[in-house]
Amino acid sequence: MNIADFLAPEDVVIGLPARSKKQFLEDISGHAAQAAGLNAEDVFDLLIEREKLGSTGVGSGIAIPHGKHPNMKALRGFFSRAATPIDFEAIDNEPVDLVFLLLAPETAGADHLKALACVSRTLRSTETRAALREAVDARKIYSILTGHATD
């Protein structure tokens, strides 16, 4: 599985101005909902419920909020780089600026876990994280994440 299997170039957003975890999740929920034809409040509620189980801030400035939504037809990812790092209650207590949201159909099963593992492996690389932070536009970020150039 490759990130390009579930991330489209238009689903990369940079510079979200959120100052808190809740605001960031609201902002990225709105983007994801519009792109996937979902209700933004439903997506936000899904993400908040997942965060109540434990922060999806996995360390090194990365968060991977995720969940299964009944109206999703296929696995879909959304990536955002925050304008400024925010407190995400990450396991290493470091602020987060790189967020990869993953939404899956309720029936996704192993595919959801494979996608989470794929994202985690990609973002584990120090070089990849540095490149994502230095990228000047969403097209470059997409290319870094997927290994695919965009037109």
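**Before you start**

This is a predicted model, in which local features need pLDDT of at least 70, side-chain atom pairs count only at pLDDT 80 or more, and totals for chains, interfaces and linings use all residues. Residues are numbered from 1 along each chain as its sequence is written, and side-chain values use heavy atoms, with hydrogens and water left out.

**Stop 1: the aromatic rings**

Select Phe6, Phe79 and Phe100. Ring pairs join Phe6, Phe79 and Phe100 into a cluster. Rings of Phe, Tyr and Trp (its six-membered ring) pair if their centres lie within 6.5 Å; planes under 30 degrees apart count as stacked, over 60 as edge-to-face and the rest as tilted. The count by this rule is two aromatic pairs. One of them is Phe6 with Phe100, an edge-to-face pair with 6.1 Å centre to centre and 80 degrees between the planes. This pair links distant parts of the chain: Phe6 sits in the segment before β1 (12–16), Phe100 in strand β6 (residues 96–105), and they are 94 residues apart. Strands (E, at least two residues) and helices (H or I, at least four) are DSSP runs, numbered from the N terminus.

Now colour by accessibility. Buried means under 20% relative accessible area, exposed over 50%, partly exposed in between (1.4 Å probe, protein chains only). Phe6 counts as buried because its relative accessibility is 4%. Phe100 is buried too, with a relative accessible area of 0%.

**Stop 2: Glu89**

Go to Glu89, in the loop between β5 (76–86) and β6. Is Glu89 buried or exposed? Its relative accessible area is 55%, so Glu89 is exposed. Show its contacts, meaning heavy atoms within 4.5 Å. Not counting residues up to four places away in sequence, Glu89 touches Lys21 and Ser55. The side chains of Glu89 and Lys21 are joined by a polar contact of 3.2 Å. A polar contact is a pair of N or O atoms within 3.5 Å; within protein, one must be able to donate a hydrogen and the other to accept it, and residues adjacent in sequence count only if both atoms are side-chain atoms.

Check the backbone here as well. Most residues other than glycine have a negative phi. Phi of Glu89 is positive, near 55 degrees.

**Stop 3**

Thr56 lies in the loop between α2 (40–53) and β2 (57–59). Its side chain makes a polar contact of 2.3 Å with the side chain of Glu51. Thr56 is buried, at 3% relative accessible area. Beyond four places in sequence, the residues that Thr56 touches include Ile62, Ile64, His66 and Phe88.

Step along to Ser60, in the loop between β2 and β3 (62–63). Phi of Ser60 is also a positive value, near 60 degrees. Ser60 is partly exposed, with a relative accessible area of 39%.

**Stop 4: α3 against α4**

Select helix α3 (residues 110–124) and α4. They pack at an angle of about 85 degrees, with axes 5 Å apart. Axes are lines fitted to C-alpha atoms, for helices over the stretch in contact, and angles run from 0 to 180 degrees between N-to-C directions. Angles under 35 degrees count as roughly parallel, over 145 as roughly antiparallel, 65 to 115 as roughly perpendicular and the rest as oblique. α3 and α4 are therefore roughly perpendicular. Thr122, Leu123 and Arg124 in α3 meet Thr126, Thr128, Arg129 and Leu132 in α4.

**Stop 5: α4 against α5**

Thr128, Ala131 and Leu132 in α4 meet Ile141, Ile144 and Leu145 in α5.

Finish on Thr128, in helix α4. Thr128 counts as buried, at 15% relative accessibility. Leaving aside neighbours within four places in sequence, Thr128 is in contact with Thr122 and Ile144.
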